[in-house]
Amino acid sequence: MSYRRDNRASRSSLFDNLDGIEEGGLRASSSYSRDIDEQENEKSLISLQDRVVFLKRLTGDIHEEVKSHNRMLDRMGNGMDSARGIMSGTMDRFKMVFEKKSSRRTCKLVMYFVLSFFIIYYLFRFLMYYMYG
């Protein structure tokens, strides 16, 4: 610790005599440094303006993307509502069929429905397999 104090004291004693000589140099260098600081500030300001413009453009793009996604979700919600209506109508028809006491007709209807579903499923699966390999 005392070494640091001695080192600082010797350093200050070395430069005590040069204070009068360097006053003019300090003024010149301070004005020079002010010019450099102003130039750096201008560069920083221009850089900051570019970043602000970029961020403004980016937030505008994000806003447009959000609006388009909201429109798409609204359309999908409307489509789901209409599909729900169609499905409820179909379920009502199935309920009417199942409420009738003719179990033979109901069994046949269910079997035809299941059989046609599997045929269509395997047909599409077969076609997709050979198309996309």
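Reader: Which residues do ring pairs link into a cluster?

Author: This is a predicted model: local features need pLDDT of at least 70, side-chain atom pairs count only at pLDDT 80 or more, and totals for chains, interfaces and linings use all residues. Residues are numbered from 1 along each chain as its sequence is written, and side-chain values use heavy atoms, with hydrogens and water left out. Rings of Phe, Tyr and Trp (its six-membered ring) pair if their centres lie within 6.5 Å; planes under 30 degrees apart are stacked, over 60 edge-to-face, the rest tilted. Such pairs link Phe117, Phe118, Tyr121 and Tyr122.

Reader: How many aromatic pairs does the structure hold, and what is the angle between the planes of Phe118 and Tyr122?

Author: The structure holds six aromatic pairs. Phe118 and Tyr122 form a stacked one, 6.5 Å centre to centre, with the planes at 25°.

Reader: Is Tyr122 buried or exposed, or in between?

Author: Buried means under 20% relative accessible area, exposed over 50%, partly exposed in between (1.4 Å probe, protein chains only). Tyr122 has 47% relative accessibility, so Tyr122 counts as partly exposed.

Reader: What angle lies between the planes of Tyr121 and Tyr122?

Author: Tyr121 and Tyr122 form an edge-to-face pair. Their centres are 5.2 Å apart, and the angle is 75°.
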